[in-house]
Amino acid sequence: MKSYIISIICVGVIGSIISLIAPEGEGGGLGKHVRLTVGCVLILMCVSPLGELIEGLRELDFSGLVPEVNDGAIEEYESIFGNSYEAAELSSLKEGIAAMLEERYGVAREDCKVEVIADRNGSGELELKRIFITLYGSAIWKDTGEIERYFGGIFDCEIVTAVG
């Protein structure tokens, strides 16, 4: 690297000396052409290591840097992401039931708590087993039997309402 920098400095100094010696005439004369040539040579000298760098990168072996993904890791990732999707589905379902309680029965969201028990069936789909609806505050006076019949007809699973 040291010799590379010294060679660039030497070419610059020699080019400057030659451009000072070159005769000046109309339009800059020969000195103008010498400066242009020296400038082009210096640019090429500065850029030349980039070509060597690119060639060196082509020869590098990156296979050891990226770990192999085995079947066990794939199953673990699928399990983690599957659990995340399931949690998001259940959370969305709970919010939807709370919104339906508010819209149909006038139950404020802070006056109810919804819990859902679900499991994956043989084909991997989420299957609802039981929905728990707990009513608080002024919602305790709502008809729990009507709520159970309504949601039971929609979700086709066991609906349990309680007053808390």
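Biologist: How many bridges join strand E1 to strand E2?

Modeller: This is a predicted model. In it, E1 and E2 (residues 126-135) run antiparallel. Within this pairing, Arg 120 stands opposite Leu 126 of E2. The number of bridges joining E1 to E2 is nine.

Biologist: In which sense do E2 and E3 pair?

Modeller: Ile 131 stands opposite Ile 159, a residue of E3. Six bridges connect E2 and E3, and their sense is parallel.

Biologist: Which strands stand at the edges of the sheet?

Modeller: The sheet is open, with three strands in the order E1-E2-E3 and mixed pairing. Each edge strand has a single partner, so one side of each is left without a neighbour in the sheet. The edge strands are E1 (112-120) and E3 (158-163).

Biologist: What handedness does the β-α-β unit have?

Modeller: Helix H4 (residues 144-155) packs on the sheet and touches E2 and E3, its direction making about 155° with that of E3. The unit is made of E2, H4 and E3, and its handedness is right-handed.

Biologist: Which element gives the most residues to the largest nonpolar core?

Modeller: This core has 21 residues, and those with the most contacts inside it include Ile 97, Leu 128, Ile 133 and Phe 151. At least two core residues come from each of helix H3 (71-105), E1, E2 and H4. The most, six residues, come from H3.

Biologist: Is Phe 151 buried or exposed?

Modeller: Leaving aside residues up to four places away in sequence, Phe 151 touches Ile 97, Met 100, Leu 101, Ile 133, Asp 156 and Ile 159. Its relative accessible area is 1%, and the cut-off for burial is under 20%. Therefore Phe 151 is buried.

Biologist: What kind of aromatic pair do Tyr 150 and Phe 151 form?

Modeller: The structure holds three aromatic pairs. For Tyr 150 and Phe 151 the centres are 5.1 Å apart and the planes make 75°. Planes over 60 degrees apart count as edge-to-face, so the pair of Tyr 150 and Phe 151 is edge-to-face.

Biologist: Why is the pair of Phe 151 and Phe 155 classed as it is?

Modeller: Both residues lie in H4, four residues apart, about one turn of the helix. Phe 151 and Phe 155 are both buried. Their ring centres are 6.2 Å apart and their planes are at 10°, so the pair is stacked.

Notes:
Residues are numbered from 1 along each chain as its sequence is written. This is a predicted model: local features need pLDDT of at least 70, side-chain atom pairs count only at pLDDT 80 or more; totals for chains, interfaces and linings use all residues. Side-chain values use heavy atoms; hydrogens and water are left out. Two strands pair if DSSP finds at least two bridges between them. Contact means heavy atoms within 4.5 Å. Axes are lines fitted to C-alpha atoms, for helices over the stretch in contact, and angles run from 0 to 180 degrees between N-to-C directions. A nonpolar core is a set of buried Ala, Val, Leu, Ile, Met, Phe, Trp, Tyr and Cys residues joined through side-chain atoms within 4.5 Å. Buried means under 20% relative accessible area, exposed over 50%, partly exposed in between (1.4 Å probe, protein chains only). A crossover is right-handed if, with the strands pointing away from the viewer, the path from the first strand over the helix to the second runs clockwise. Rings of Phe, Tyr and Trp (its six-membered ring) pair if their centres lie within 6.5 Å; planes under 30 degrees apart count as stacked, over 60 as edge-to-face and the rest as tilted.
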